[in-house]
Protein chains: 4
Amino acid sequence: MAMTGVLRPGHMQIKVIDLDESIEFYSNVLGLVQTGRDANRAYFKGWDERDHNSLILRDAGEAGMDFFGFKVSSDAYLNQLEADLKNYGVTTERIPAGELLETGDRVRFEIASGHQIELYSQKKDVGNGSGYFNPPPWNSASEVGIAPIRMDHALIYGPDIEKVQALFCDVLGFYLVEHILLEDGQTDLAIWLSCSTKAHDIALVRNEEPGKLHHTAFLLESWEKVLRAADIMSMNKVPIDMGPTRHGVTRGTTIYAFDPSGNRFETFCGGYQSYPDWEPITWTWDEVGPAVFYHDRQLNPAFLSVYT
Amino acid sequence: MAMTGVLRPGHMQIKVIDLDESIEFYSNVLGLVQTGRDANRAYFKGWDERDHNSLILRDAGEAGMDFFGFKVSSDAYLNQLEADLKNYGVTTERIPAGELLETGDRVRFEIASGHQIELYSQKKDVGNGSGYFNPPPWNSASEVGIAPIRMDHALIYGPDIEKVQALFCDVLGFYLVEHILLEDGQTDLAIWLSCSTKAHDIALVRNEEPGKLHHTAFLLESWEKVLRAADIMSMNKVPIDMGPTRHGVTRGTTIYAFDPSGNRFETFCGGYQSYPDWEPITWTWDEVGPAVFYHDRQLNPAFLSVYT
Amino acid sequence: MAMTGVLRPGHMQIKVIDLDESIEFYSNVLGLVQTGRDANRAYFKGWDERDHNSLILRDAGEAGMDFFGFKVSSDAYLNQLEADLKNYGVTTERIPAGELLETGDRVRFEIASGHQIELYSQKKDVGNGSGYFNPPPWNSASEVGIAPIRMDHALIYGPDIEKVQALFCDVLGFYLVEHILLEDGQTDLAIWLSCSTKAHDIALVRNEEPGKLHHTAFLLESWEKVLRAADIMSMNKVPIDMGPTRHGVTRGTTIYAFDPSGNRFETFCGGYQSYPDWEPITWTWDEVGPAVFYHDRQLNPAFLSVYT
Amino acid sequence: MAMTGVLRPGHMQIKVIDLDESIEFYSNVLGLVQTGRDANRAYFKGWDERDHNSLILRDAGEAGMDFFGFKVSSDAYLNQLEADLKNYGVTTERIPAGELLETGDRVRFEIASGHQIELYSQKKDVGNGSGYFNPPPWNSASEVGIAPIRMDHALIYGPDIEKVQALFCDVLGFYLVEHILLEDGQTDLAIWLSCSTKAHDIALVRNEEPGKLHHTAFLLESWEKVLRAADIMSMNKVPIDMGPTRHGVTRGTTIYAFDPSGNRFETFCGGYQSYPDWEPITWTWDEVGPAVFYHDRQLNPAFLSVYT
């Protein structure tokens, strides 16, 4: 009890156009720590993540997301959730340990929005570089590039988001934190779901085209680090989509920008702590602007139209 | 699954020497929101807490803690945990709904360190003043006094903390996040336990005298708010025990100070996110100074000797 | 020596369309302190300014700037600068003490860009509310609305800015801090001038139409206060033109927004300290975007076209 | 006019016990940029200072200050101030250009407190590493060690501080910003003097022993950088004397710590902008605690007794 089952977003594999250029970008500009390579993939983690990898880049000649994986608290829970998914009518696939470096068996399934989601319970603890005895609060890795703490969440685009919400809440133990209504006042444009006390572990926007990635989010420590991130983006001519600013939803501070392949990423800070006994927050269509970008109070043209 | 059972520290009842003076202090200096009164008690919450109360002051002519309560995710879980506690050999008591304002049944039990702990599943949602439709990120209540977001955790002093750890981990689903070893390199001086992704929901320091309170902690949003808190303390001649500084344990930034009755409280910010799959961090006795106060690198005399 | 003669931007009188609405805005949203009223004007100061007024609103049925005044270190310097201006060929006018509340004689003159500039040496010290004995670092006035510390500088639009630069540098003791070149690589689009260690006390952009105001800037203490300002703007539906972001020029962080009359104002923080022995920084035309908005790296359409 | 004559504290030469150890400390822990070496001295500057050096370490086998120098706006002003000093009865000495690397003629004199003060007008501009065309707001040098922006001011200890105040104000153009009174309510314990809009360019504490250094202060950009500085100090076992905290005087945030020779230094941020038309702030003896350390509200034992 307390925290069991699905713990957190643990890894995402994205497609990139030029792997070498992307490795350079993710290492030195975003400032993730490279932890591995295999045939066509490079493995990264945020400096303060302990598990071996959280972002995997695949050399694919195009942008987009391959899959998004959640870490589960134990092998037993992995087996149980696999059974629960099957009982719910979901087709699952076991991907054997080792297919991803330092990662155990993964249970993969497709959700109604057209995305590949995974659960897994094992990933090698490689530490954050400070060790587990008398560690300093941070180390030199925390100042290489933007240097996010961790991969935090993702926003994905696709149809049938209510079916995804039902699956995540009924089977995987997530709860609805916030949602934005469409003009009809009933249908959701977007939903934010949490499996923890984070304001979101995954979010979805309704979209005709299935299986799309809006952004992968990386966590920063403070609004001042958000400014530093924006500065580093400009110093490196990274295309900034929006920000620094605040979201109405989650209250988090944010910058959206694009990696060299055109995959959007977010450097995110803050947001409140939410709990499963939480009454969800509702944003109405007339306030969709401040819901997404609290200061501009309107969506920028790219928000709904640009994804990978 | 995900987050179930024990969710968070939900309420603490402390004893105060002069209730009127304490109401003034907690309302206008610490900046909690008063939500109720009964015969000899005043009820408060942090501005961003939704539940009716999190800190209850009891007019007692002395300082100290009456009980510390954790909110549980449902009535069913409350019943199950009550049964689990009994099976574990713990004597529990049901305190009927309404004994605390706007709060449901509480299951109370004493732990080996001599403290009264409670579980409950119902407390009235009174909101944070911004409503659940299109809310602003903060409101005027967030700038009255120090204005913490929420009651965050407590550090309590007593004997047999390994028994408390066993109970909290084996029955209530907590996990060990950090601990400080005594000179023998084996026995814990102090333990930090979490039931969430917070770096601590409760902490204990080994102490001969049972049932003592070291501090109740209130959450702030940023290091700049910690500075503002210290300024407000000095403007109001609140005795500051230590800070602003950083803890080695949890990495959080902090000020310790005393309420008018001599109860220590903490205004706390930050700390990492931890998870139950976490390898605990160990501090050795020779580093107890930086473990507690990272900058001074030594305990202040009051840390181990002053509690209520 | 050291600091003598022209000390700082001391007051600006702007035109507003509806005085009552403007008083409400400047008092409660921007959070200036109202210090006076006369027939058709309202007087304000930033909470930490000691002089009686720094922003005067004139009920004019339209937007724009009436005049921008600089405080001079003594009556003797005022007389000397008046003589210096005349020797330089500038026509000056004495406006007698009292025409502006609590303000001494003003020496007014028009500069080549078509703006009315004033010098004065006397304005009543009304303090910041904390007194001059054992003052706290801030007081409640510093949290009413956006609550800038002071009126900091202005950016004005007009022709012949090189003539203005010559006058300010040769007669008034300013120095050039930064400038942006037009496409020809020789002519300045914009200049930033300082009479102190501030990165700018006045700035000018070349513009055919004379006598125009781009923005009046108000100083904030930190990037976190800039975020708070943006939040308050959105809570009050203040139209934000740009930001929060950083300027390339001065490195300051910033938000541009509009008052109810359409006068642009800036909430500004930071910027380096410059000195008269400073080699000016030059921005070339191809980098005009990051010069102005360092993160977006392009001018927004309003920057060059909207002024009052 | 405006800013002429004495501009700013420009260089300080201090004595160190072990030059190699000190170079290591000032380069990698405090994070100054080394710009030169001569027989027994090493030269440093803050990353954002443009002049060749601001801190010179002399291999002396002991701690302390050799001299503190102020940059003057021109050779003409240097000559004039030299004459003014002589007229005031001060014995001056010309130290020829080149005795300090990349530095012009220096006019040296002893003040009543027993310190060697210098004026000079020439020091080579070596830039901050970003150049004077389209510079980024910061560069990699700003994150090496604590990385202060600049040497900011010094607090020196000695007798006859009223004579020093008279000399600095009457001859050099400084003004009194704040002062702390002794128990008699008349005599100053300490004075803060400015030649700019900085809250202090030099400060003095009355002390029987002449010619002593309390601390040299280095400027940081934000309270968050102060926290980072404290962390770096602890990571490197630098003895922290006090902080992070706030001063009542100047409102600045601060840490006091000691270099390997025992010279105290300060990492300082903030403080208000003051001007020569400023009514000085007075602290009375009963409030000397908050005047110096606003949060602790008492002097630490070292403040008055430890200097070099």
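In the predicted model, strand S1 (residues 2–4) of chain A and S1(B) pair in the antiparallel sense over three bridges, pairing being assigned where DSSP finds at least two bridges between two strands, and strands being DSSP runs (E, at least two residues) numbered from the N terminus, as are helices (H or I, at least four). Within this pairing, A:Thr4 stands opposite B:Ala2 in S1(B). Residues are numbered from 1 along each chain as its sequence is written, and chains are lettered from A in the order in which they are written. Local features need pLDDT of at least 70, side-chain atom pairs count only at pLDDT 80 or more, and interface totals use all residues, while side-chain values use heavy atoms, with hydrogens and water left out.

The contact (heavy atoms within 4.5 Å) takes 51 residues from chain B and 51 residues from chain A. The area buried between the two chains, that is, the accessible area (1.4 Å probe) lost on putting them together and summed over both, is about 4400 Å², of which 55% is given by carbon and sulfur atoms.

Six salt bridges are counted between chain B and chain A, each a side-chain nitrogen of Lys or Arg within 4 Å of a carboxyl oxygen of Asp or Glu; B:Arg8 forms a salt bridge with A:Asp277, with the closest N and O atoms 2.7 Å apart. On the side of chain B that touches chain A, two or more residues are given by each of strand S1 (2–4), strand S2 (6–16), helix H2 (75–87) and strand S18 (281–283) of chain B, and the largest share, four residues, comes from H2(B).
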